[in-house]
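I opened this notebook to record what I looked up in one model.

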Amino acid sequence: MSECQWLHEQLEGNLPLVAFPFELEQIPKTGGVYFFYEKGESCGHGSDRPRIVRVGISGSVRQRIGHHFADESKGSNCRMYLEFPDKPAYVRSSFRRDIGKVLLSQRKDDEFLDGWSKGYDKKAEWLQLRGRVWISKDKKLQQEITKIMREKFTFRFICVDEKADRDKIEKRCTGTVAQCVLCQPSERWLGLQHPNPKTKRPKISEGKLWQVNNRSEKGIDDGTKTKVLKAITDTKKWLGSRSQLRIPISQH
Ligand SMILES: [Zn+2]
């Protein structure tokens, strides 16, 4: 069995697939690693099994997931408006930014895409200079991104307290999935339409994941497997203590 198949099976066999709508209280506030899946994308280890399309880490899985899905319920921290009221914290999500780039690229809206692709702080400054019309354009785009995130993406998470462990699991798991010859994007994978940046860095559209970092890292080794298995045990305990809460199990 390949490491990629091992990873897909461990996650699938032990943890719920979380789909929107879900309660943020069902996601741990503490650190962890999360694995995103995308509707229409199947892995190469068995028919119609979902393919991992992004591996991410956070010191607070609840907050990061809240940002990705733009969940504005209590506790998500998405109501933490920053520079001005049109800029909720969820625009910090680089995942959302990449989905936005795809939408703007599809529309050939190069002028907006150029500024919109900037990092968070520069983008906030850029939008403020452009005024209300462009800010409302940004808001509309954010709503479209939210709809896509909620309809197309699901995820599993594991609780990992130590940052060094999160970093290792993220790198090794990303390397494993990115280099798996059996897991390939479908012809209709949204990431294939991601615009190519004018740099020599790796491109999302040339891979299969919504990330360019860690793709050439070494794959999962025995040490990583031990850490993943411990994290799964810890996560099941965490979920078990919240058995009164129901996480919707999504059908791929
Ligand atoms: Zn694979």
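The entries below go from the whole chain to single residues.

**Entry 1, basis.** I note that this is a predicted model, in which local features need pLDDT of at least 70, side-chain atom pairs count only at pLDDT 80 or more, and totals for chains, interfaces and linings use all residues. Residues are numbered from 1 along each chain as its sequence is written.

I then looked at contacts, defined by C-beta atoms, placed from the backbone, within 7 Å. Among contacts between residues at least 6 apart in sequence, 73% join residues at least 24 apart.

The four strands form an open sheet in the order 1-4-2-3, with antiparallel pairing; a pair requires at least two DSSP bridges between the strands. Strand 1 (18-19) and strand 3 (50-58) are at the edges with a single partner strand each, so one side of each has no neighbour in the sheet.

I examined strand 2 (residues 32-42), which is joined to strand 3 by seven antiparallel bridges. F35 has V55 of strand 3 as its bridge partner, and Y34 has G56. Strand 2 also pairs with strand 4 over seven bridges, again in the antiparallel sense; there, G32 is partnered by C159. Eight of the eleven residues of strand 2 are buried.

Helix 2 (residues 61-69) lies across strand 2, strand 3 and strand 4 (153-159), and runs at about 125 degrees to strand 3. Such angles run from 0 to 180 degrees between N-to-C directions, with axes fitted to C-alpha atoms, for helices over the stretch in contact.

Which residues have the most contacts inside the largest nonpolar core? I found Y34, F155 and V177, in a core of 44 residues. A nonpolar core here is a set of buried Ala, Val, Leu, Ile, Met, Phe, Trp, Tyr and Cys residues joined through C-beta atoms within 7 Å. Leaving aside residues up to four places away in sequence, Y34 touches G56, V61, I65, F155, R156 and F157.

Conventions:
Two residues are in contact if their C-beta atoms, placed from the backbone, lie within 7 Å. Helices (H or I, at least four residues) and strands (E, at least two) are DSSP runs, numbered from the N terminus. A residue is buried if 20 or more other C-beta atoms lie within 10 Å of its own, exposed if 12 or fewer, and partly exposed in between; C-beta atoms are placed from the backbone.
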